[in-house]
Amino acid sequence: MVQVAAVVRPQDGRPFAHVGRGGLEEEEGLPGQRAAHLLGVLRVVPPHTHDVPAPLPESRQGFGGSHGRAGSPSPLGCPCRAGSRSLPAATARCCRSSPASLPGSANRPCRAAARRQEEPGQRSTAPAARRAGAGAGAVPGAAARLPGAGRGAGSKGPAQLRAIFLHTEHEQRKSKTITQADMKVELLPALTDNYMYLLIDEETKEAAIVDPVQPQKVLDAVKKHGVKLTTVLTTHHHWDHAGGNEKLVKMETGLRVYGGDSRVGALTQKVSHLTSLKVGSLNVKCLCTPCHTSGHICYYVTKPNSSEPPAVFTGDTLFVAGCGKFFEGTPEEMYRALIEILGTLDPQTRVYCGHEYTINNLKFARHVEPNNAAIREKLAWAKAKYDSGEPTIPSTIAEEFTYNPFMRVREKTVQEHAGETDPIRTMGAIRKEKDNFRIPKD
């Protein structure tokens with residue numbers, strides 16, 4: 001597993017914007033695999049001994065099966081298999097074998113991944129990353145460069161590139177705690193742009209964790225809050241969400257692991273639409289939202305007789321200003337998930353999604369509705385949050401209806417952009433457009 005905040009360019013020391021900020025999955029077409037194509041040029045940097053999720057993709061679980069269409073495993077998730085923006089065929093010969101097994105010369109084609117032009121509009125990583133790992137908390141040796149690292153890219157081989165890396169992304173992104181009278185939610189950044197969520201019942205101090213891909217980080221948060229972890233809520237089976245389940249249940253025995261798909265690791269109870277469960281005194285209702293995966297579940301959390309806003313954990317179905325790719329579903333299914341299920345929740349429901357994709361999503365939303373003031377305001381706000389290292393999560397259901405094009409498919413402005421008059425066809429059209437959208441610089 002590769003977990004990096006940034007990879008600096010050999011020629012000028014600038015970070016590649018592809019690493020982090022949602023560029024790996026949503027924009028680069030490497031769904032859920034956290035830049036596995038860079039394994040040949042980066043050192044593996046696990047932040048904790050117990051934080052390498054199992055199974056790793058190159059072992060028992062193929063990439064296609066873990067975060068793509070079921071039953072279509074592919075070789076290592078390299079750029080030449082990365083979907084709509086594939087590299088030229090000349091670079092593809094590196095992709096037939098695991099980089100770990102290739103000698104230095106055979107590994108050279110993978111350098112194409114490091115030579116790719118930065119995605120327009122992808123913003124560089126946190127200020128600490130731009131300082132090449134300097135300061136407290138840096139991984140030892142993280143800023144080390146081999147002799148000649150400042151020379152042109154032509155002088156670089158895999159050995160030099162392996163030495164050019166920064167400390168892990170999770171050290172750069174800040175956690176955040178949302179405290180209410182009835183519940184507390186701590187946002188735990190994970191991998192390059194994922195979020196795990198520690199849900200705490202304030203009355204009983206019982207807790208659940210949503211998508212615990214980094215188990216040790218979860219247990220550190222549990223200890224910090226002094227709560228009892230009893231429950232794992234898994235939104236879907238993809239590796240970057242469910243990959244830590246098996247290790248967590250070994251580290252913390254007696255956990256109940258819920259999910260809507262038999263592909264979820266360490267599953268103890270498979271749930272279906274409207275299944276209800278408890279976390280202390282909190283009610284959790286399971287909402288089946290198939291499309292991104294066929295077994296995707298969102299978890300809607302309420303407290304009886306509470307005036308506080310509910311919470312919904314949406315995984316990769318609903319993002320701030322966006323939605324997940326339709327890996328195992330159709331526009332009809334996503335329409336039902338966003339409009340007929342999530343869209344009918346209490347408008348003040350706080351939305352806790354699976355990834356930090358907000359800025360790029362809002363840039364696409366602005367492209368769809370250039371005259372929408374709510375989009376422009378939210379984008380400016382999100383850029384300021386990101387520049388200070390803060391999450392842009394949560395939003396609310398009511399807010400999503402003002403700036404999320406996938407929840408605005410019934411609006412005339414969105415339909416006119418798509419050239420459709422039917423909201424479901426509009427959903428399909430703008431998702432296809434988003435899949436191939438090139439992020440602008442501003």
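Guide: Lys205 sits in the loop between S3 and S4. Helices (H or I, at least four residues) and strands (E, at least two) are DSSP runs, numbered from the N terminus. This is a predicted model, in which local features need pLDDT of at least 70 and side-chain atom pairs count only at pLDDT 80 or more, while totals for chains, interfaces and linings use all residues. Residues are numbered from 1 along each chain as its sequence is written, and side-chain values use heavy atoms, with hydrogens and water left out.

Although Lys205 is not a glycine, its phi is positive, about 60 degrees. Lys205 is partly exposed, with a relative accessible area of 38%; buried means under 20%, exposed over 50%, and partly exposed in between (1.4 Å probe, protein chains only). Ala266, in the loop between strand S6 (256–259) and S7, also has a positive phi of about 60 degrees without being a glycine. Ala266 counts as partly exposed, at 24% relative accessibility.

Now the sheet. Its 7 strands form an open sheet in the order S1-S2-S3-S4-S5-S6-S7, with mixed pairing. Two strands pair if DSSP finds at least two bridges between them. The edges are strand S1 (176–179) and strand S7 (269–270), each of which pairs on one side only. S1 and strand S2 (residues 183–190) run antiparallel and are joined by 4 bridges. Thr177 stands opposite Glu186 in S2.

Helix H7 (residues 215–225) lies across S1, S2, strand S3 (194–201), strand S4 (206–210) and strand S5 (228–233), at about 150 degrees to S2. Such angles run from 0 to 180 degrees between N-to-C directions, and the axes are lines fitted to C-alpha atoms, for helices over the stretch in contact. Leu219 belongs to H7 and is buried, with a relative accessible area of 16%. Apart from neighbours within four places in sequence, Leu219 is in contact (heavy atoms within 4.5 Å) with Leu229, Leu248, Met251 and Glu252. Leu219 and Glu252 are 33 residues apart in sequence, and their C-alpha atoms are 8.3 Å apart in space.

Next, a pair of helices. Helix H11 (residues 358–368) packs with helix H12 (residues 373–387) at an angle of about 160 degrees, with the axes 9 Å apart. H11 and H12 are therefore roughly antiparallel to each other; angles under 35 degrees count as roughly parallel, over 145 as roughly antiparallel, 65 to 115 as roughly perpendicular and the rest as oblique. From H11, Thr358, Ile359, Leu362, Lys363, Ala365 and Arg366 meet Ile375, Lys378, Leu379, Ala382, Lys383 and Tyr386 of H12. By class, the contact of H11 with H12 has 7 nonpolar, 1 polar and 4 charged residues. Here Ala, Val, Leu, Ile, Met, Phe, Trp, Tyr, Cys and Pro count as nonpolar, Asp, Glu, Lys and Arg as charged, and the others, Gly among them, as polar.

Pro394 lies in the loop between H12 and strand S15 (395–396). The peptide bond from Ile393 to Pro394 is cis, with omega near 0 degrees.

Gln415 is buried, with a relative accessible area of 12%. Setting aside neighbours within four places in sequence, Gln415 is in contact with Val409, Arg410, Glu420, Thr421, Asp422, Pro423 and Thr426.
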